[in-house]
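Hello,

Here is the structure I promised to pass on. My notes follow below it.

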2 protein chains.
Amino acid sequence: MKYYVGIDIGGTNIKTGVVTETGEIVSEHSIPTRAERSQNEVLKDIIASVRESVAGANVNPDDILAAGMGTPGFIDSKNGIVIYNNNLGWRDFRIAPEMSRVLGIPVTLENDADAAALGEVIAGSAKGTKSAMIITLGTGVGTGYVVDGKIVRGCEFGHMVIEFGGRRCTCGRKGCFETYCSATGLINMTKELIAQNPEGKTALIAAKEGSVGGQTVFEAADEGDREAAELIDRYISYLACGLVNLINGLQPETISLGGGVAKQGERLLKPLRQKVGLEIYEGITFPKIVNCTLGYKAGLIGAALSAR
Amino acid sequence: MKYYVGIDIGGTNIKTGVVTETGEIVSEHSIPTRAERSQNEVLKDIIASVRESVAGANVNPDDILAAGMGTPGFIDSKNGIVIYNNNLGWRDFRIAPEMSRVLGIPVTLENDADAAALGEVIAGSAKGTKSAMIITLGTGVGTGYVVDGKIVRGCEFGHMVIEFGGRRCTCGRKGCFETYCSATGLINMTKELIAQNPEGKTALIAAKEGSVGGQTVFEAADEGDREAAELIDRYISYLACGLVNLINGLQPETISLGGGVAKQGERLLKPLRQKVGLEIYEGITFPKIVNCTLGYKAGLIGAALSAR
């Protein structure tokens, strides 16, 4: 059996793992990203984590052929450079060649959403589909697109404006898909709701839990709060808007949602499908809209096997 | 020499022509679309126009190998069916097999923007570029995308919402790119300006010319009208918004503008490039933004040679 190392770099955590050539994870490890540090400090930690994963895998190191990395933002896959990422604050980071030098194996670089999309197509929710789009609703919004089993590199619609002159995005534009539909966006809108009504159910839940998360507003809605239900409805309307833009524009066969907000499952998916159905261009085949089934493992498996 | 018939179906006119295998037009013909008629009446007219073109070409009919058609809207290229087009009011129109039966040669079908994009890549503004996007600002907004000399079918972003809850589009959504940036959209906004200020320069020009066109507001701005200049600025802001969505999302090497509004040339392109430059995601290569150079001929040449 041959093995590949997968490295999935997120705004919050970095996960590493050893993956079989058929997409099974045999060992894994995780560290906090702490992106406020220098790029080289983060790199050192990633390498230490890879070594932990390899040590835990109990395989012959010679059978580990390569490592594949998935990272958010705009990348130069050919040269293994992260060109720019607004969430991590990375710029011209020659991460893959540096890592390859230290680890002594080839290291490849893909966009994290692309890698996760490949993972879902190899082993998860989009297995067997001809054109699959994976949308991660996490720190940012990542879009990954796989056609005929191959990553369509650079297909990245998180910074597509859906509301002209809308909310300020970290990228400098106003009204980006990501600004509304990432977990961060939902948390920001939840915080605004709390500021507007500090006595409301959402505020009380946030106070009890000591923080606001992507789930807070869903918990308030569970307790019958109308304001929270309205915010969820608005969130799903924005999400449907972005999705229909991509469905009209590229006509994927499946859309799989991942990231923190997708944990709401059918509660999110059911109203989302309804809203999408109302807006989709006539004549376009309604895609399957489902949850990613591999969770964080998609990023790890896809990153690892993108190095094949 | 071998020849192909090109057929370019627009909301206003239908153009037909005989094209050499290297992309030279040897004869052409044009008829008004009059889309309010039945699909079969339009079809009859197209066939008559094709026969005019062939008669005018003075070539051996046996050297005409096939016909290629470009039509707006969503199509099923494989079966030669126009599935739906909101501007023409066409639905499940089996146009290519019908035409093939009558003409006795194979007839292929592509989206009109795709066909025009291929034409510009074969013989026009995007000649030699690896990934070219052509955006037509006409009755609607069409987007055509050609990568490595091949049409990326179904890449159609006219119905991408850029203003959540914005202007009502003929497709049923609100705030589509097309609603703001087509010639129709510009004309609608010009009419609103005239209604708001019936004594203004724009209103006077429209009254003198007897109608409102895409050029009306540019003529008013030429005469120093501030309101008209502001409307143009707003139009270009929307256009930049849609373009940056596509640049961030797909990273084309060139963007070529066609259709009625593009006739404004550098007057449109110069401020457009500035606005795009302010919004583009850091790290993305700024694409060449130019005018289509083949005009309506791109659609004819591309349609014809898509039948190769």
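**How the copies are related**

Chain B can be laid on chain A by a turn of 180 degrees and a shift of 0.0 Å along the axis, with an RMSD of 0.0 Å. The two copies are thus related as by a two-fold rotation axis. Please keep in mind that this is a predicted model.

The interface fits that picture. Of the interface residues of chain B, 100% are also interface residues in chain A, so the copies meet through the same surface.

**Chain A**

The secondary structure of chain A comes to 10 helices and 13 strands. Its radius of gyration is 19 Å, close to the 19 Å that the globule rule gives for 308 residues, so chain A is as compact as a globular protein of that length. Along the principal axes, the C-alpha atoms of chain A fill a box of roughly 60 × 45 × 35 Å.

How many of its residues are buried? Of the 308 residues of chain A, 55% count as buried. Contacts in chain A with a separation of 6 or more were also counted; 64% of them join residues 24 or more positions apart.

**One residue in chain B**

I also looked at Gln39(B). It lies in helix H1 of chain B, which covers residues 39–57. Is Gln39(B) buried, exposed or partly exposed? It has 17 other C-beta atoms within 10 Å; buried needs 20 or more and exposed 12 or fewer, so Gln39(B) is partly exposed.

Leaving aside neighbours within four places in sequence, Gln39(B) is in contact with Trp90(B) and Phe93(B). Asp225(B) is 186 residues from Gln39(B) along the chain, and their C-alpha atoms are separated by 44 Å.

Best wishes

Terms used
Residues are numbered from 1 along each chain as its sequence is written. Chains are lettered from A and ligands numbered from 1 in the order in which they are written. This is a predicted model: local features need pLDDT of at least 70, side-chain atom pairs count only at pLDDT 80 or more; totals for chains, interfaces and linings use all residues. Helices (H or I, at least four residues) and strands (E, at least two) are DSSP runs, numbered from the N terminus. The radius of gyration is taken over C-alpha atoms; the globule rule is 2.2 Å times the number of residues to the power 0.38. Two residues are in contact if their C-beta atoms, placed from the backbone, lie within 7 Å. Copies are superposed by least squares on the C-alpha atoms of residues with pLDDT of at least 70 in both.
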